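Hello,

Here is the structure for you to look at. My notes follow below it.

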Amino acid sequence: MKPEQRAFLDEHYPDHHLKFDSNKGVWVVEAYGMRHPFKCGDYKGAVNAKAAAIAFRDSLPNNAFTWSRSYSTQVQSKVQGVFRCKGKGQSNAWRAQVSSIDENGKRVIKAKNFSIAKYGDQEAYDLAVIWRDKLLREKEAEEFAAAEHGRVKETNPSTAGRMR
């Protein structure tokens, strides 16, 4: 990570590289490819544990926050959520995915691969784009129906305010 990237994250996203596991009551810093936990019980509360996690994160050098994907090569398309993947144990395919938050506040990812060997490069890409658009339309219809019935979508406090 470049210093200017880190400065931007510090200014606009103060919780960058921090995750809160509400089931275990732990703030986690992911750096150097490892998870560094800060248990709320050890720090007498979530606020102190978060402060310790932030202090630890800020003490690390910029190169601590590198990460790798499971795909050896990945080509992005012009459509968000659609990309080409090829890697260990995976076929050469276009992958479409949509993520959402369920009623329990857990992130759910729906994904589907379209094989280039089976469909050809362009048709596999087109099928991935169509499948993702169909899923997004269904998701919007569900949200609209919920809004018409007066139900309010609850948000998880740990993810509130994040863009999806």
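The chain has a mean pLDDT of 78, and 78% of its residues reach 70 or more. (pLDDT is the predictor's confidence in each residue, from 0 to 100.) Over residues 67-73 the pLDDT is below 50, yet this stretch has 11 contacts in the model beyond near neighbours in sequence. (A contact means heavy atoms within 4.5 Å.)

This is a predicted model: local features need pLDDT of at least 70, side-chain atom pairs count only at pLDDT 80 or more, and totals for chains, interfaces and linings use all residues. Residues are numbered from 1 along each chain as its sequence is written, and side-chain values use heavy atoms, with hydrogens and water left out.

The chain holds four helices and seven strands. (Both are DSSP runs, numbered from the N terminus: helices are H or I, at least four residues; strands are E, at least two.) From the N terminus, the order is α-β-β-β-α-β-β-β-β-α-α.

Now the salt bridges. The count is four. (Each is a side-chain nitrogen of Lys or Arg within 4 Å of a carboxyl oxygen of Asp or Glu.) K19 pairs with E30 at 3.7 Å, N to O. K19 sits in strand β1 (residues 18-21) and E30 in strand β2 (residues 26-31), 11 residues apart. E30 also pairs with R35, at 3.1 Å. So K19, E30 and R35 form a network, with R35 exposed at 51% relative accessible area.

R57 and D58 form another salt bridge, at 3.0 Å. R57 is buried at 3%; D58 is partly exposed at 43%. (Buried means under 20% relative accessible area, exposed over 50%, partly exposed in between, with a 1.4 Å probe and protein chains only.)

Best wishes
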